[in-house]
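Here is a short briefing on one protein model. Sequence and structure come first, then the notes.

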Amino acid sequence: MPEGHTVHRLARTFTTLFDGRPLRVSSPQGRFADGAAVLDGRRLVASEAWGKQFFLGFGEGEPLWLRTHLGLYGAWTFAGAPDAPEVAHAIGAPRRRIGERETTPGGPAAVDPAGHEPWAPPPPRGQVRVRLLGEHAVADLTGPTACEVITGEEKAAVEARLGPDPIRDDADPAAFVAAVGRSRVTVGQQLMDQAVVAGVGNIYRAEALFRAGVDPLRPGRDVPEAVVRAIWDDLVVLMRDGAEHGAIVTTRPEHRTGEPGARRRTRQNTDGNPDAVPADQAFYVYHRDGLPCRVCGTPVLVKELAGRNLFWCPTCQV
DNA sequence: GGGCCATGAGCAT
DNA sequence: TGCTCCTGGCCCG
């Protein structure tokens with residue numbers, strides 16, 4: 001569920017918690033036992049996101065990379081000692097409750113020679129594929145669609161298949177504009193194609209097309225180049241904001257009205273921020289089928305396209 | 001305790 | 001286009 005903004009948050013979180021530190025790597029569930037053994041004891045030397053792909057580099061010498069992909073329901077959860085940097089408790093599938101940071105202080109009397117409270121990580125909860133343990137924090141991965149150890153060369157090959165990522169500084173918008181413009185495939189499908197643009201998922205697709213006023217079923221090559229470019233620029237703003245705040249919010253303030261009848265609520269990682277935009281005010285069309293469009297009042301439509309639900313306003317998007 | 005669902009994607013057909 | 005895999009929360013009985 002995690003769209004690209006989530007993965008960039010992850011990359012930052014790992015840097016904060018573990019950068020430069022040797023890690024104990026294990027697979028409590030057992031399904032990654034071999035890979036864990038290869039990485040165990042190595043130092044974390046890099047933490048990178050490209051779209052929904054997440055890469056952790058492990059030294060020494062030529063780094064080996066742990067490539068993970070959260071898929072639809074993967075998540076990382078974190079716990080730390082009281083002296084660990086403050087990070088979100090969990091990042092990934094939104095069904096997870098984002099509560100207070102889980103701290104597990106040690107016994108009251110004992111203090112280790114460094115002056116820190118002794119700390120022991122909590123037991124793994126659920127199907128933990130990988131556990132990364134540093135001296136004052138632990139990260140558990142559940143439900144990934146991909147989890148493997150690869151070389152730098154293999155990492156480059158994965159990246160070569162990805163389109164530009166609006167959150168990355170090195171992204172090339174021209175590649176996106178060209179890809180959309182040369183294809184008859186609908187722009188709705190193109191936005192979900194990670195080779196066209198990396199990191200966009202079902203929410204950003206629906207919302208960016210609404211904000212651009214573009215019918216998702218229009219062939220890419222029929223969308224004016226300036227409009228495609230504007231979609232890119234909008235994705236840059238929306239996705240960087242999502243990475244910063246941990247939640248997708250695409251509505252402008254003047255369009256935010258609560259909807260008691262909204263059919264589903266999407267929980268978001270807002271770090272408990274009281275100023276966070278409520279989930280039922282965050283989107284224009286995503287999960288709002290049957291509800292009136294926030295701009296024109298026309299009921300929002302939904303249709304299954306390539307196995308995913310597509311949401312749009314037939315009046316505002318042409 | 002069973003079925004359904006989800007912000008995803010690879011592969012067979 | 002249709003399977004399949006990954007996990008757990010929620011709804012229903």
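Arg-168 sits in the loop between α3 and α4. Helices (H or I, at least four residues) and strands (E, at least two) are DSSP runs, numbered from the N terminus. This is a predicted model: local features need pLDDT of at least 70, side-chain atom pairs count only at pLDDT 80 or more, and totals for chains, interfaces and linings use all residues. Residues are numbered from 1 along each chain as its sequence is written, chains are lettered from A and ligands numbered from 1 in the order in which they are written, and side-chain values use heavy atoms, with hydrogens and water left out.

**Arg-168**
- The Arg-168 side chain reaches the backbone oxygen of Ala-49 at 2.8 Å.
- A polar contact of 2.8 Å links the side chains of Arg-168 and Asp-170. (A polar contact is a pair of N or O atoms within 3.5 Å; within protein, one must be able to donate a hydrogen and the other to accept it, and residues adjacent in sequence count only if both atoms are side-chain atoms.)
- Neighbours within four places in sequence aside, Arg-168 is in contact (heavy atoms within 4.5 Å) with His-8, Ala-49, Trp-50 and Arg-240.

**The sheet**
- An open sheet of 4 strands runs in the order β2-β3-β4-β10, with antiparallel pairing. (Two strands pair if DSSP finds at least two bridges between them.)
- The edge strands, each pairing on one side only, are β2 (44-50) and β10 (146-150).
- Twist averages 15° from one strand to the next. (Axes are lines fitted to C-alpha atoms, for helices over the stretch in contact; angles run from 0 to 180 degrees between N-to-C directions.)
- β4 (residues 64-69) pairs with β10 in the antiparallel sense over 5 bridges.
- Leu-66 has Val-149 in β10 as its bridge partner.

**Helices on the sheet**
- Helix α1 (residues 4-18) packs on the sheet and touches β2 and β3 (53-58); its direction makes about 170° with that of β2.
- Helix α3 (residues 152-160) also packs on the sheet, touching β2, β3, β4 and β10; its direction makes about 165° with that of β3.

**Nonpolar cores**
- A nonpolar core is a set of buried Ala, Val, Leu, Ile, Met, Phe, Trp, Tyr and Cys residues joined through side-chain atoms within 4.5 Å. Buried means under 20% relative accessible area (1.4 Å probe, protein chains only).
- The largest core has 37 residues; Phe-176, Leu-191, Ile-231, Leu-235 and Val-285 have the most contacts inside it.
- α4 (173-181), α5 (187-191), α6 (202-212) and α7 (225-245) each supply at least two residues of this core. α7 gives the most, with 8 residues.
- Apart from this core lies another, of 30 residues, among them Leu-64, Leu-70, Leu-141 and Cys-147.

Technical notes. Buried < 20%, exposed > 50% of the residue type's maximum accessible area, 1.4 Å probe, protein only.
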